[in-house]
Amino acid sequence: MSAARRGANGRGMGRREALRLLGLAGGAAMLGGCTPVRVFMGWYPSDFRDDQLVRRVLDAFADTVVPGVDAGSEKLARPLYDERFPLHGYLNYLAADLSRRAKYACGDPRFHLLSRADRTRAIDAGLRAGGTTERLYTGAIFLVQLGFFAGFYDDGAGCPAIDFDGRYRPGSPADRTYALAEEFLAEELGHGGNHA
Amino acid sequence: METRLTDVLVVGSGFGAAPPALRLAEAGLRVVVLEKGPDIDAPGDFRQTQDPGYFLRYYHGSAGDHLGMTWIEGLGGGSGFYEMVSLRAPSPAFEARDGNGRRLWPSGVDRATLDPYYEIAERMLNVQQIPVERVPRSGLVFSRMMKNLGYSCDRAAYAVRGCRGSGFCVSGCIYGAKQSLHMNYIPRAREAGAEYRTGVEATSVRALGPDERPARYEVTCRDAGGRVHAYRAAVVVLAGGTVGTARLLLASRRGLRHLSGEVGRRVAFNGGVKTAGRLGPGWPDGDMFTGQSHPGMISYHFLESHGVTIQAAKPLPLQAIAAARLRFDENGPGSRYWGEPHLRLMRKYRRRVIVLFALGLTPATARLERDGDDLKPRLEMTDELREYYGRTKELLHAIYRGNGCRPLDVEFVDSGGMARDDVFFSTTHQLGSCPMSESAESGVVDAAGAVHGHPGLYVSDGAALPGSIAVSTSLTILANAERIAEGLVRRYAGGAASAAEPDASSRAAA
């Protein structure tokens, strides 16, 4: 049984539990009437039971969400595999769907071999699908961004691409403020910072 | 079921719990404090991190369609994780009225009566106005924006001693500089004999009969291992926050027969409106990542005219992305919040983006409703609130534009990253749900924090405060709790006799 079908707890997953996991915070309202049952039953082409193929596709997905950074695409995709987040149970489906969108948008189902522009089009198509598919794509984008920009796998590394050091590196007080700071200040209305 | 006796049981360990626990212990009473969340050994347990798993250990939330609330469960409550902002509620906040024209705050509770208790709280937390030379760059940029337009802007005040300017206030201060309750109230209360128990959730309260005196209440609890036990106490002080205290009281209706029907209602949320803008050419850089987390400044300029204060903010990357999608507006509404355009924006985030937000005197019209085991905030999106939101957002955008800066397109998201499609207020400043009032018909507790109809049972946290205050709520919760604690000491610890007579319903209950 594939990881998707096993679900996060390793057992076969009922629809109710799958709905709950997809909600992240438990919001069932996001699922409208067009929930594709195949998401929960793990129905996707047998190619996407190949974990290596799935990984190549998702690495390419992550590289499209945060393009061209020197993180290594496998690192960018790491939050998707993190079992703390519910998406890890649906990666086979996501990869298969990216392949399908790539085929319809660009004529080639090999999402991971497309140009970044074509991958972008395929992801756009997934986001326009609505319902559970849109939520999967949105959640995957969200996780990749959080993992990269917040640098949350390494407190000390931060995110050099945005000049975020992560853990504080002490500098001089001059780094935190400006000389002649009083020239920036407006008239104060209160007393000691408090309004009357 | 094991049952323990104590003089005073305090439920919760945050700003509302600290004064009752300390003052009653210092007065010689046996005090037990129950905290649902985990123990925090500060500052050692804090981390400078963006790891969601760390935050989710302490941060909790609940959201409805138009309002989301966040609170902390852990020893010390919100004090470990807030931005140290310590401001007194402005006088106009105490003039708020409900839809029938009645003052929300009970007579005798206003800024003047709270001022002596604010002083006590400020001394305990070492609250100081930030010196000019410590204002972070983003705060200086904000102040200049206001100055350019002829608006006032004040340096704010903070509960801090020896700030390093690391910018990680919201994940807890690893230096012990932030004067969270772990640095003052809690150790002093322990020295005075108060017992703190963490990982223990109070699940219900019931009034005891006269033959059980001196104990008046039995509080059933469940510890982290699922073991159920109880405390009996003469005085019970509830300080679990707007959501926690309401949840406990709602679960206790059977045991508290005179409980007001207003529990869970009249919730205020400080009307936060958040925006972001891009600094125009010629502007000096801000800095989202260095200097203390809160940028040091607050403007009261629009309090009288618009009912709002305005501040800048410095969200770290996790906080920024988890809250909203940002786009350069020149890319148009169809631009992507991911991919190349978003990366281009994020490269400028640290120094060229400025976040302004307003807090407002919005009416206490939200309520908490059961949703399974949860309490969810419900807020009716009235025309008045929509107009407030739009007017306030436009005020902030005008500040950007008036300074040659450009507002960014900001789309707020839920916890799964999905965009919200309507006006949504998110807050950590929730107040009310068990508000002070002159009678049980219009609130839950009286001006002394005593639950109407149930002598010996008190609410001393933000749940008791009946209206928005347009500034950070921590100092007001703490000051009001000092005021309530003074009354408790006077009444129960043999101080000067000034206790009010119980009202008719409580005499019947006794």
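**Before you click**

This is a predicted model, so local features need pLDDT of at least 70, side-chain atom pairs count only at pLDDT 80 or more, and totals for chains, interfaces and linings use all residues. Residues are numbered from 1 along each chain as its sequence is written, while chains are lettered from A and ligands numbered from 1 in the order in which they are written.

**Stop 1: all of chain B**

The mean for chain B is 94, and 95% of its residues reach 70 or more. Now pick residues 495–510 of chain B: the pLDDT there is below 50, and beyond near neighbours in sequence this stretch has 22 contacts in the model. (Two residues are in contact if their C-beta atoms, placed from the backbone, lie within 7 Å.) The model as a whole scores ipTM 0.92 and pTM 0.92.

Zoom out. The C-alpha trace of chain B spans about 75 × 50 × 40 Å along its principal axes. Its radius of gyration is 23 Å, which agrees with the value near 24 Å that a compact globule of 510 residues would have. That radius is taken over C-alpha atoms, and the globule rule is 2.2 Å times the number of residues to the power 0.38.

Of the 510 residues of chain B, 57% count as buried. Buried means that 20 or more other C-beta atoms lie within 10 Å of the residue's own, exposed means 12 or fewer, and partly exposed is in between, with C-beta atoms placed from the backbone. Among contacts in chain B between residues at least 6 apart in sequence, 76% join residues at least 24 apart.

Switch to cartoon view and you have 12 helices and 24 strands in chain B. Helices (H or I, at least four residues) and strands (E, at least two) are DSSP runs, numbered from the N terminus.

**Stop 2: β4 and its partners**

Select residues 67–72 of chain B. This is strand β4, and 5 of its 6 residues are buried, so the rest of the structure largely encloses it. Together β3(B) and β4(B) make a hairpin with 3 residues between them. Show S62(B) and you'll find its bridge partner, M69(B), in β4(B).

**Stop 3: a six-strand sheet**

Which strands make up the open sheet in chain B, and in what order? There are 6, arranged β6-β14-β15-β17-β13-β20 with antiparallel pairing. (Two strands pair if DSSP finds at least two bridges between them.) At the edges are β6 (154–155) and β20 (406–407) of chain B; each has a single partner strand, so one side of each has no neighbour in the sheet. Inside the sheet, pick β14 (residues 297–299) and β15 (residues 308–313) of chain B, an antiparallel pair joined by 2 bridges. I298(B) faces Q311(B) of β15(B) there, standing opposite it.

**Stop 4: an exposed loop**

Select E212(B), in the loop between β9 (200–207) and β10 (217–223) of chain B. Is E212(B) buried or exposed? E212(B) is exposed, because 12 other C-beta atoms lie within 10 Å.

**Stop 5**

Go to residues 241–250 of chain B, helix α6, where 9 of the 10 residues are buried. Among them are V243(B), R247(B) and L248(B). Then try α11 (residues 474–492) of chain B, which reaches 26 Å from its first C-alpha to its last, close to the 27 Å expected. The expected span is 1.5 Å times one less than the number of residues. α11(B) is mostly covered too, with 15 of its 19 residues buried.

**Stop 6: where the chains meet**

Select α9 (residues 339–352) of chain B. Its buried residues include H342(B), L345(B) and Y349(B). What covers the buried residues of α9(B)? The cover includes α4, α8 (116–128) and α9 of chain A, along with β16 (324–327) and β17 (353–360) of chain B.

Finally, show both chains: 49 residues of chain A are in contact with 59 residues of chain B. On the chain A side, α4 (51–65) and α9 (131–150) each supply at least two residues, and α9(A) gives the most, with 9.

Methods: pLDDT = per-residue confidence, 0-100.
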